[in-house]
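Subject: Structure handover

Hello,

Here is the structure we talked about, with the sequence alongside. My notes on what turned up in it follow below.

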Amino acid sequence: MKRITPGLLILAATVFAIPALAAPPIFQEDFNYAIGSQLNGQGGWSAHSGAGTNPQTINTAGGLSYAGYPSSGLGNLLGPLATSGEDNNHTFPGQTTGAVYTALMVNVASSQTTGDYFFHYFDGAISGNIFRGRIFVKKDASSSNYAFGIQFGSTINTVYTGFVYTTGVTHLLVLKYTFVAGGTTNDQVSLFVDPTGGCIEPAATVSASDGTQTDAVNLDGVAIRQGTATAAASVQVDGIRVATNWSDAVCGDATPTHSSTWGRLKTLYH
């Protein structure tokens, strides 16, 4: 019988202890386009409303930054978004089960008390491209603070955070759409604001559902919207990452330092 040495036990334990690397997102956008150029027509983006009116444009070399986020400080950024203007969308491989996560950095320069949405998912399988998972910004009536909100579809059932966010600060948002089996009006959307816990999904900041509106059939795109003149916020957007799990959206892609587990072990024990 062969004797198992302590060194081999340590090596085996290390192999199984190495965490799985995050995979690349199914869509990533760092807005690495020329400053001053229009988003519509670049990198697969296209206008679905108001094409050419207050076009969404690229700004600020280096983009937004958020500590620990893999798309921090890459490329440039989009915005600030105007009002009553062009809305653009970008498709990604359609999803019909499980969950879809979209992480993005935002910086709100100003907001309005009525509130309006600036970002959402597309359901391309339904005629007219139904919007799902709308992210809102709404100003506090008694201060310059604002709240983020989430809405499942197109009803007035919007769930807001507290008015605890201040203008000029970059925040990390994660929008989650969950397909729930067993019905056609029971899916859920959730919003995470400045989540903690790294690669482990925390509790959502706010969530919403709507038992009156049809669930998404084929979630296959994201959209950036410029809302109404009396309600919308002025927002910069950057670092969009879409994935089918939390880690791939928030923690980075699969770019290992070494090409194999053995190579990583050799580095650990060198």
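A residue is called buried when its relative accessible area is under 20%, exposed when that value is over 50%, and partly exposed in between. Because Asn54 has a relative accessibility of 38%, it counts as partly exposed. Please keep in mind that this is a predicted model.

Backbone

Most residues other than glycine have a negative phi, and most peptide bonds are trans. The following places depart from that pattern.

Asn54 is not a glycine, yet its phi is positive, at about 45°. Asn54 sits in the loop that runs between strand E2 (46–49) and strand E3 (58–59).

Asp194 is likewise not a glycine and has a positive phi, here about 50°. Its place is the loop between strand E12 (188–193) and strand E13 (206–209). With a relative accessible area of 23%, Asp194 falls between the two cut-offs and is therefore partly exposed.

The peptide bond between Gly79 and Pro80 is cis, with omega at about 10°. Pro80 belongs to the loop between strand E4 (77–78) and strand E5 (87–95).

Salt bridges

Side chains of opposite charge can pair when their charged atoms come close. How many salt bridges does a search of the whole structure find? The search gives 2.

One of them joins the side chains of Asp116 and Arg225, at 2.8 Å from N to O. Asp116 is in strand E7 (residues 116–123), while Arg225 is in the loop between strand E14 (219–224) and strand E15 (234–243), so this pair ties together parts that are 109 residues apart in sequence. Both Asp116 and Arg225 are buried.

Another salt bridge is formed by the side chains of Lys176 and Glu201, also with an N to O distance of 2.8 Å. Lys176 lies in strand E11 (residues 170–178) and Glu201 in the loop between E12 and E13, so the parts tied together here are 25 residues apart in sequence. Are these two residues, Lys176 and Glu201, buried or partly exposed? Lys176 has a relative accessibility of 15%, which is under 20%, so it counts as buried. Glu201, at 30%, counts as partly exposed.

Regards

How values were computed:
Residues numbered from 1 in each chain as written. Predicted model: local features only at pLDDT ≥ 70, side-chain atom pairs only at ≥ 80, totals over all residues. Heavy atoms only, no water. Helix = DSSP H or I, 4+ residues; strand = E, 2+ residues; numbered from the N terminus. Buried < 20%, exposed > 50% of the residue type's maximum accessible area, 1.4 Å probe, protein only. Salt bridge = Lys/Arg side-chain N within 4 Å of Asp/Glu carboxyl O.
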